[in-house]
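I opened my notebook to go through this model piece by piece. Here are my entries, in the order I looked things up.

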Amino acid sequence: MDGDSNAGLSEALEHDVGRYVEQRSIASTDHDARSFRDIIESGAAGFWDWRLDNQTVVLSQRFKSTFGYTDDELPNHVDAWRALVHPNDLAVGQEAFSAHVASHGLEPFDVVLRHLHKDGSVVWVRQIGCVVEWSDDWQPRRAKGIHIDVTADMRRQEAQARKQEEIRRFAFATVHDLLQPVNTISSSLDAIAESSHVVNDSELEPYVDFVQSATQRLKTRVQAIIDYSHIQAYGVDREPVSLTEVAKTALLDVGAVVIESDASIVIGELGVANGAKALLERVFLNLFENAIKYRRQDRRCRVEVVEAPAPAGHVAVTLRDNGIGIEPRYRESVFGLFSRLHADSAYDGTGLGLAICQQIVERLGGEIGIDDGIDGGVAITFSLPAGE
């Protein structure tokens, strides 16, 4: 084989090897791209590839399933994508992308938008992307990006915001509520000072009663605020707690009131919860006191404490009474801070009893609610994680 032949063979081999390397390189790049997409799809994210010249967009299966759609149900067109965005957030997304384009890609496209799920619920999504192809005059031709479902994070933030608002209202209501007995004390003392004509103790007695009553209300409300704040601020140690024993202990604490009002409180066999004994005693104590306080005057107060159906891994208790009841429209609001449906003159109280019950139950991982009780009374049911 002569030199020219060897040279030709060498060139042919070099060409074939070059093509082989190029093909392997392309295959490797495609494989890496697929692997990257698979990683994105395996998590709580999806990806999109938007061709701006014809307004088509490739939406990944994870992208579509985030909003409850199968791959076939949602067309790969930008209009279908836009229809998913909440109408109130669409302009926000468009402005963010326009800012990215205007900066020639220097301003990142990173925005959190509400989207509409197929079932009508709201899904919060973080969109992160960039233009990957530009025309000569810096017009976007193609953009790619990912989306991440951040609904859980946004709901936590919303819950935090609601909690902050509740604290703000709590502070406002505290000042307002404490001023009432303070003003009563002040005006009563002024009346005593100005009543120079008073000559015997019998005429002083009504003023003294006003001062003592207002002072007691003030002390009670301050203590309730301290209790509520303590539950908010500190953690709780959990252990298996017999709800039957806790209820019976709370009943002993209100024994004098039960005897005085001739109330009947019957406690059945209850489950074992994973909770804090002292806090759960406070729940039963508050509920017993409420049932007796809001009893009807035309019949004997009766309270039944029974085990209630509960989700798996939980135990539940229902306290039902035959008292004056709570209208359905008020059953959610009575758990609010300083919520009182009746004037102090009718039923004395702090307006924090049920709020404290709710805080304790929720702090222990449970739920509490109100339903119909005995003959127009109320039934309060709370659930807790089951103890071992």
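How are α9 and α10 oriented to each other, roughly parallel or roughly antiparallel? Before answering, I noted what I was working with. This is a predicted model, where local features need pLDDT of at least 70, side-chain atom pairs count only at pLDDT 80 or more, and totals for chains, interfaces and linings use all residues. Residues are numbered from 1 along each chain as its sequence is written, and side-chain values use heavy atoms, with hydrogens and water left out.

**Entry: α9 and α10**

I looked up the axes of α9 (residues 277–293) and α10 (residues 353–363): they come within 9 Å and cross at roughly 150°. Axes here are lines fitted to C-alpha atoms, for helices over the stretch in contact, with angles from 0 to 180 degrees between N-to-C directions. α9 and α10 are therefore roughly antiparallel to each other. The cut-offs I kept beside that: under 35 degrees is roughly parallel, over 145 roughly antiparallel, 65 to 115 roughly perpendicular, and the rest oblique. α9 passes α10 in a left-handed crossing; that is the word if the near helix is turned anticlockwise from the far one by less than a right angle, and right-handed if clockwise.

I then listed who makes the contact (heavy atoms within 4.5 Å). From α9 I found Leu279, Arg282, Val283, Asn286, Leu287 and Asn290, and from α10 Gly353, Leu354, Ile356, Cys357, Ile360 and Val361. Sorted by class, the contact of α9 with α10 has eight nonpolar, three polar and one charged residues.

How many residues of α10 are buried? I got eight of the eleven, so α10 is largely enclosed by the rest of the structure. Buried means under 20% relative accessible area, exposed over 50%, and partly exposed in between (1.4 Å probe, protein chains only). The buried residues of α10 are Leu354, Ala355, Ile356, Cys357, Gln358, Gln359, Ile360 and Val361. After α10 comes Gly365, with a positive phi near 90°.

Leu354 is buried, at 9% relative accessible area. Leaving out residues up to four places away in sequence, Leu354 touches Leu287, Asn290, Val334, Phe335 and Ile380. For Leu354 and Val334, 20 residues apart in sequence, I read 6.9 Å from C-alpha to C-alpha.

**Entry: α7 and α9**

Next I checked α7 (residues 243–253) against α9: their axes come within 8 Å and cross at roughly 55°. That makes α7 oblique to α9. α7 passes α9 in a right-handed crossing. In α7, Leu243, Val246, Ala247, Thr249, Ala250, Leu251 and Asp253 meet Lys277, Leu280, Glu281, Phe284, Leu285 and Phe288 in α9. The contact of α7 with α9 has nine nonpolar, one polar and three charged residues.

**Entry: loops**

Most residues other than glycine have a negative phi, which is what sent me looking for exceptions. His104 has a positive phi near 55°; His104 sits in the loop between α4 (90–102) and β3 (109–116) and is partly exposed at 40%. Asp262 also has a positive phi, about 55°. Asp262 is in the loop between α8 (255–261) and β7 (264–267) and is partly exposed at 45%.

Is Pro309 buried or exposed? Pro309 counts as exposed, at 81% relative accessibility, and lies in the loop between β9 (302–308) and β10 (314–321). The C-alpha atoms of Pro309 and Thr381, 72 residues apart along the chain, are separated by 9.8 Å. Tyr330, in the loop between β10 and α10, is partly exposed at 30%.

**Entry: the chain as a whole**

I counted ten helices and twelve strands; helices (H or I, at least four residues) and strands (E, at least two) are DSSP runs, numbered from the N terminus. Of the 388 residues of the protein chain, 37% count as buried. Among contacts with a separation of 6 or more, residues 24 or more positions apart account for 61%.

How values were computed: Nonpolar A, V, L, I, M, F, W, Y, C, P; charged D, E, K, R; others polar.
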